[in-house]
Amino acid sequence: MTDMLPERDRVEVMREVYGRTVLKVDLDPLGPTHVDMKVRALPGLGIATGTCSEFRVHHSTRLIDNDDLILLAALDGASVMKHRGREEPVGNGHALMMSGEEVGLNIIQPGGLRFVNMSFSLKQLSPLVGDPARALMQPLPTGGGAMRLLLDYVQSIQDCDGLTPETWHLATTHIFDLVALAMGATRDAAEIARGRGVRVARLRAIKADITAHGGHGRLSAEDVARRHRLSARYVRKLFASEGTSLSDFMLCQRLLRAHRMLCDPRQAGRSITAVAFEAGFNDLSYFNRLFGGATMQRRRTCGRRR
């Protein structure tokens, strides 16, 4: 993060570290410099997510060292990409793909950019899409479908720490599935991806949605399905594929929410009954049975009362 660097060093560190070393581009700031980026290198896949101020980003001949395909999606803000004699905006619901073995230019507009930037091994991606060149400089919608699942999935795994190499290997496979579908996968690759990468990404998105709502008791399977434009039956099948159920996951989230509130000093004046009801439990005896002896221990520890 450039804000942690002395102001006099920010531009040069940004150019060398973020630009020439990590992204393989020349970066020229067009205003006050700010970069806050998380970078991850995996076999055949590079991921960079974060925010930056306005820049001129030039992929020059001297920095070309591979034939990766590069995807840029603007989550907030906008930029203009110039590549293969074309000029296309990035933002307003679209992402763009360019070739890493060709010169290109990206102008990040005033106000900066919150982005997801990925590089894909052409050798690994080609069998999934047939002719990747067809997708170069073609606007790829980000509002739904495989691209929306891809962006949400990538951002969620970027926030994970301590994952095993095996988990990262699976995540890379899922990401290739999703980008292939977004670009136009072959029939065989699309069939495999829908049963693998899409399923995992959808389940992760649904879990994140339920977690954000604390598994609230008023959130039904139909509500979850409607929010993700799926059938309730399909949502239940997603959880069953992991050997669990939607109701069990939602119950676990309600218990976690209650636990956080019970042990939050800022809510020490609230009764266990009030906490249980807010967490989505309408039956206090049921709530106490689930917590068992742990409930009594928390009440003694946190000074709670009924």
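**Aromatic pairs**

I looked for aromatic pairs and the count came to two, taking rings of Phe, Tyr and Trp (its six-membered ring) as paired if their centres lie within 6.5 Å, with planes under 30 degrees apart counted as stacked, over 60 as edge-to-face and the rest as tilted. I was working on a predicted model, in which local features need pLDDT of at least 70 and side-chain atom pairs count only at pLDDT 80 or more, while totals for chains, interfaces and linings use all residues. Residues are numbered from 1 along each chain as its sequence is written, and side-chain values use heavy atoms, with hydrogens and water left out.

I began with Phe120 and Phe176: their ring centres are 5.5 Å apart and the planes stand at 85°, so this pair is edge-to-face. The pair joins distant parts of the chain, with Phe120 in strand β8 and Phe176 in helix α4 (residues 165-183), 56 residues apart; helices (H or I, at least four residues) and strands (E, at least two) are DSSP runs, numbered from the N terminus.

Next came Phe239 and Phe249, a tilted pair at 5.6 Å centre to centre with 45° between the planes. Phe239 sits in helix α8 (residues 232-240) and Phe249 in helix α9 (residues 246-262), ten residues apart. I found Phe239 buried at 0% and Phe249 buried at 15%.

**Largest pocket**

I moved on to the pockets, a pocket being an open set of points on a 1 Å grid over the protein atoms alone, where a 1.4 Å probe fits, with protein on both sides within 12 Å along at least five of seven lines; lining residues have an atom within 4 Å of a point. The largest has a volume of about 710 Å³, the volume being the space filled by probe spheres set on the points, which are joined across faces, edges and corners. Of its 39 lining residues, Leu23, Lys24, Val25, Ile70 and Asn117 are closest to the centre. Strand β8 gives the largest share of the lining, nine residues.

**Second largest pocket**

I noted a volume of about 410 Å³ here. There are 17 lining residues, and Gly144, Gly145, Leu149, Arg202 and His228 lie nearest the centre. Helix α3 gives the most to this lining, with five residues.

Conventions. Buried < 20%, exposed > 50% of the residue type's maximum accessible area, 1.4 Å probe, protein only.
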